[in-house]
Structure formats: C-alpha cells, structure tokens
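I opened the notebook today to look around a new structure. Here are my entries, in the order I looked things up.

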Amino acid sequence: MTAGTKKVVTWLVIAFVAFYLVTRPENAAGAVRGAGALIGQGFQALIQFFSSVFA
C-alpha cells in the first residue's frame with residue numbers, strides 16, 4: 001500500500017468510528033466494554049499461566 005492509500009484508509013476508519021459513536025453511542029460503549037473484558041481475560045489467563053509455571 002502506498003502512503004496516500006494508507007492515509008485515505010486511516011481517515012475512512014476514523015470517520016466510520018466517529019459516525020458510529022454519534023449515531024449509536026450505547027452500542028459503541030458496549031463494544032468498548034467487550035474489548036476491555038476480552039483484554040482483561042487475556043491478562044488473567046497470562047497471569048494464571050505464569051503462576052502455574054513458577055509455582
């Protein structure tokens with residue numbers, strides 16, 4: 001991808017996210033909560049793994 005194409009795609013993604021936030025704020029908040037929960041579960045799994053390895 002060229003630099004110009006990357007710039008256009010980046011702006012399109014930003015515009016889509018802004019549109020989604022404005023038109024469906026509840027759904028956007030749910031998506032962020034879901035992503036946060038997924039990241040939290042991933043960290044919890046890593047902690048459990050390392051605790052098992054070093055226990």
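I began with the word exposed, which I use for over 50% relative accessible area, with buried under 20% and partly exposed in between (1.4 Å probe, protein chains only). The model is predicted, so local features need pLDDT of at least 70 and side-chain atom pairs pLDDT 80 or more, while totals for chains, interfaces and linings use all residues. I number residues from 1 along each chain as its sequence is written, and side-chain values use heavy atoms, leaving out hydrogens and water.

**Entry: Phe54.** Is Phe54 buried or exposed? I found it exposed, because its relative accessible area is 68%. Phe54 belongs to helix H2, residues 25-54; helices here are DSSP runs (H or I, at least four residues), numbered from the N terminus.

**Entry: the patch.** I then looked up the nonpolar surface patch that includes Phe54. A salt bridge is a side-chain nitrogen of Lys or Arg within 4 Å of a carboxyl oxygen of Asp or Glu. Areas come from the Shrake-Rupley method with a 1.4 Å probe, and for residues only the protein chains shown count as cover.

Entry: I placed Val13 in helix H1 and called it partly exposed because its relative accessible area is 47%. Val13 and Ala37 lie 24 residues apart in sequence and 23 Å apart in space, C-alpha to C-alpha. Val9 is in helix H1 too, and I called Val9 partly exposed because its value is 37%.

Terms used. Patches are made of residues with over 30% relative accessible area and no salt bridge: like charges are joined within 9 Å, nonpolar side chains (Val, Leu, Ile, Met, Phe, Trp, Tyr) within 5 Å. Helices (H or I, at least four residues) and strands (E, at least two) are DSSP runs, numbered from the N terminus.
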